[in-house]
Amino acid sequence: MAATFLHDGGRGCCRLLLQAGQPGQGVRRLLHAPAPWRTANCRHATGSLPWESVVGLEIHAQINSVSKLFSSSQVKFAAPPNSTVSFLDASLPGTLPTINRRCVEAAVMTGLALNCTINKKSLFDRKHYFYADLPAGYQITQQRLPIAVNGILTYRYQVGASWNEMATKCVRVKQVQLEQDSGKSLHDDAMHQTLIDLNRAGIALMEIVMEPDMTCGEEAAAAVRELQLILQTLATSHANMSEGQMRVDANISVHHPGEPYGVRTEVKNINSARFLAKAIDYEIKRQKEILDIGGTILNETRAFDYKLGVTIPMRDKEGKQDYRFMPEPNLPPLILYDTNSLPANMKADQVINIDLIKEKLPELPSVTRERLVEQYGILPEHSFTLVNEDGLQEYFEAVVKLSNVDPKKIIGWVIKDLLGHLRQQNLTIKQSMVTPSSLAELLTLLEKRVISSSAAKQVSAVQQGNLKVMNKLIGLVQKTTKGRADPVLVKTILEEKVLL
Amino acid sequence: MLGSGVREAAAALRLGQLTPTELCQKSLSLIKETSFLNAYITVTEELALKQAAEADKRFQQGKPLGVLDGIPIAIKDNFSTKNIETTCASKMLKGYIPPYNATVVQRLFDQGAVLMGKTNLDEFAMGSGSTDGIFGPVRNPWSYSKQYREKRKHACPDGDENSDWLITGGSSGGSAASVSAGTCYVALGSDTGGSTRNPASHCGIVGLKPTYGLVSRHGLIPLVNSMDVPGILTKCVDDAATVLGVLAGHDPQDSTTIQDHFQPFTLPDVIDVTKLCVGIPKEYHAPGLSSEILALWSKAADLLENAGAKVVEVSMPNTCYSIVCYHVLCTAEVASNMARFDGLEYGHRADVKDSTEAMYSATRREGFNDVVRGRILSGNFFLLKQNYEKYFLKAQKVRRLIADDFVNVFRSGVDVLLTPTTLGDAAPYLEFIQEDNRTRSAQEDVFTQCANMAGVPAVTVPAGLSSRGLPLGLQFIGQAFCEQQLLSVAKWFEKQTDFCLLACHENGHIVKQQKITWSLRHGDLRAHLTSHQFIYIYALYAV
């Protein structure tokens, strides 16, 4: 389990949630790790005075759009280097940015899903720094007046050793801002050269800033996973961390209760939720230890070394950067409308109506979970598994529809048996050979007591490709028929029945 | 033919009196003869002849594209031209060949205009003399008028003729000189603080800065994005209106252009000024204003009043802060805009391989002149976190006040403002370079940059001759997007000044700098306009 777990990009926690009730070894090891997040408020009680830790997040999510934020070049993952670069992306003199409507709509939709106030007027700014993969010498961002502000993200996470001990927490979303991604630098140390790929330059990002309302790595990871799920539900971002479509920077500090926040460090470039949790907890522990021996924390940027499990200072960017922010003069203020303020004389394709986007909002994961709990009487933690696993909820609901079996019974089959087997074989629900209708049929038979629970489990296993279990089924038939059936014929009939 | 305006030339082309290729060849030979003016950085002879040949075909088929079909034009070398080197008169962009046309260039091409070349300027348009570019200063064609020469000889008999010549003003000095010398009918300049109007005034031609947002900046290599406007330099106001009709209107590639449809217009020949209200801003009585310009300004006001217009003194109380704020806002945007010139994607790259940072700094040190580097330095200073509020934000606030001054004046019933364009006539080069670029820009832009701060349109029209025999211009400033009214007034004024052509005869010799003599004769010389042995230049009677 542990190995699968490590290689899972964004969904590590789902596995954790699912497996922890069972004696999965890898999970055990994790639970018993010396990390401090097992206590509810993540206090660190070493030394005379307890420490409190605070964690804020800056999340960059690439907007799922056909073309870039300010140019018409295509957004393609893994395209040949410098093959999707317009004149603007290369900052040729005289080129001007023009905003991509789809990106604005995605940011508005995301803001709405995060309960933000959408600013009907937002502004663009230039943030200056010299870097080889930033051809203009500045990034266009929204420093002064972002597109969405003052939101809230609710997430749930496990607080105790048992999986039904879930806590609900909220983190304030300070803002959602639109900005450009940079290109990529590849340093070839042997040849003493840097290669630049501008494919990524100019792709739209949403920077989502979360206030320091989290207290430990697991909280931050849970918040990020919830955000990921929301973005995927909205289809505003693929939000795949391993592909760099979502990148998380964490600001971390510790202080004594009742005292002002301590000096914070920023941990950058974390590429999975699991590493995020590890990096934050390591950083909290490190800061605490330094302060305990009378040391001071430097306000610095650190990177997480996932092999060693530690954070290390990033190469110094020559002191503090002054980004010399300036209003972007080539983009007028971005004006959004609602149905009430919609100007009569403007064409529909020239305006963005917030209310229309609001109408298009799909059911958000938290609502889906509540509905599942209410509608089917399943446990809240099961609703998490259903929603977090891509396609599982649809699968579950299809089985419910196709059978007359109590959903509370179905959920165990879907999560424990079906998903459990799939996991073992590294498959996703969409790759399952057991269709919702065959599972529904199986469970109906079970419900009518035509077959026994163990027989049903064997059938389910065989259907998923476990042919060793076939012999057990043949054994069952022989037992029932008291040895009067021809084993070869039984096998043929069973193969026909079970596998087709 | 080259002495006349676009309309006359277009009519001659339509009547078959000459072909676009003949016109192009005349223009090319004149460019060669006047090459000492240093007006052109690149002469696009091959392209011009090709475009002219295509125009020939269209005229033969009786299907010219528009009024500019076959008309020789020139474009300032800070507009991107596809496959044609675009340098901004800087080492940084020497050898840079853009892969696309600026929208304004494309619109001129779409009308069949024939590009003669790319014109000289101050490096990245930073200057007011056209003296600070890597290709050397532009010489004002008026330096070689017989009238000026004689007066000059009289004033300083020991003067060295070779070094004793006048600046064109700037930064679009090459464009102004190219039109003034008759090598093309229309030139594009750019106008950020007066860069079109200032040289137009010094070279005795019309210079129009349209309303910000009316003409696309896409492809114009920026100086100050929030103030830059493509400028139009022509021999007469009608031509400016014609070219504006071609250039103006929404461009999806420039988000700051207005969405509203622009209706091209022609100016009536009979213009009634009796219902017009002309404002004379008292704050434009600036220190250093020459008595000649003051007198001309006053005469023009009288002229309007005598014709029945209402002429009122108005106050624009924030005018005096404008040039300082302009400097802060300009340098801040310059610092930002110039950041892309790092030697990586295009342009000059220093041969330094120690580190990326070392390469950047050497590239920028080698690539930019002192003026550009100075502006980058001060701009970055103003944008520092600790200074932003004190300088940049404050300058922006004052900019709003300056814009409000215009709004208030126009709201009070004033239709157009009448002001000087420059403090005086064109300075001799040796005198001009006694002061640094910054001081000169502050002096030269004093009457012009306010319109850029406010975004309103302004046009300079030749208004008379100085005692030295040099052209003097006056400026009309209009309300935003009211170019038709503005240019109508300008045309009326142009007619009143009894504008006429003076021919400059060089006695059949190939024009060379030392040998050139200009004989100035009054009167309508259209009869003489058939031979390319003549070089024509505008002059006019004093009002």
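Over all chains the structure holds 35 salt bridges, a salt bridge being a side-chain nitrogen of Lys or Arg within 4 Å of a carboxyl oxygen of Asp or Glu. This is a predicted model, in which local features need pLDDT of at least 70 and side-chain atom pairs count only at pLDDT 80 or more, while totals for chains, interfaces and linings use all residues; side-chain values use heavy atoms, with hydrogens and water left out. Residues are numbered from 1 along each chain as its sequence is written, and chains are lettered from A and ligands numbered from 1 in the order in which they are written.

Side chains of opposite charge can pair when their charged atoms come close. One of the pairs in chain A is D89(A) with K68(A), whose closest N and O atoms are 3.2 Å apart. Both D89(A) and K68(A) lie in the loop between strand 1 (52–62) and helix 4 (101–113) of chain A, so the pair ties together parts that are 21 residues apart in sequence. Helices (H or I, at least four residues) and strands (E, at least two) are DSSP runs, numbered from the N terminus. D89(A) counts as buried because its relative accessibility is 6%, and K68(A) is buried at 0%; buried means under 20% relative accessible area, exposed over 50%, and partly exposed in between (1.4 Å probe, protein chains only).

A second pair in chain A joins E447(A) and K409(A), at 3.6 Å from N to O. E447(A) sits in helix 12 (residues 436–447) of chain A and K409(A) in helix 11 (residues 407–424) of chain A, 38 residues apart. E447(A) is partly exposed at 35% relative accessibility, and K409(A) is partly exposed at 48%. Chain A also has a network of salt bridges that links E283(A), R286(A), E300(A) and R302(A).

In chain B, R58(B) forms a salt bridge with D69(B), with closest N and O atoms 2.7 Å apart. The pair links distant parts of the chain, as R58(B) is in helix 3 of chain B and D69(B) is in the loop between helix 3 and strand 2 of chain B, 11 residues apart. R58(B) has a relative accessible area of 18% and is therefore buried; D69(B) is buried with 0%. K57(B) is also placed in helix 3 of chain B, but K57(B) counts as exposed at 52% relative accessibility.

Strand 2 (residues 72–76) of chain B contains K76(B). The UniProt annotation "active site", from an unreviewed entry, covers K76(B), S171(B) and S195(B). These residues are spread over 120 residues of sequence yet cluster in space, the largest C-alpha distance being 11.0 Å. UniProt positions are given in the numbering used here, feature names are shortened, and annotations may be inferred rather than shown by experiment.

K76(B) is buried at 0% relative accessibility, and S171(B) is likewise buried at 0%. S171(B) lies in the loop between helix 5 (146–155) and helix 6 (173–180) of chain B. The side chains of K76(B) and S171(B) are joined by a polar contact of 2.8 Å. A polar contact is a pair of N or O atoms within 3.5 Å; within protein, one must be able to donate a hydrogen and the other to accept it, and residues adjacent in sequence count only if both atoms are side-chain atoms. Not counting residues up to four places away in sequence, K76(B) touches residues including K118(B), T119(B), S171(B) and S195(B), where contact means heavy atoms within 4.5 Å. With the same exclusion, the contacts of S171(B) include K76(B), N120(B), S130(B) and S195(B).

Helix 4 (residues 103–110) of chain B is mostly covered, with six of its eight residues buried. Those buried residues pack against several elements of chain B, among them helix 3, strand 2 and helix 8 (237–247).

Between chain B and chain A, about 2800 Å² is buried, 57% of it on carbon and sulfur atoms; buried area is the accessible area (1.4 Å probe) that two parts lose on being put together, summed over both. Helix 10 (319–337), helix 11 (356–367), helix 12 (370–383) and helix 13 (385–411) of chain B each supply at least two residues of the side of chain B that touches chain A. The count of salt bridges between chain B and chain A is zero, whereas 18 residue pairs are in polar contact across the interface, both at pLDDT 80 or more.
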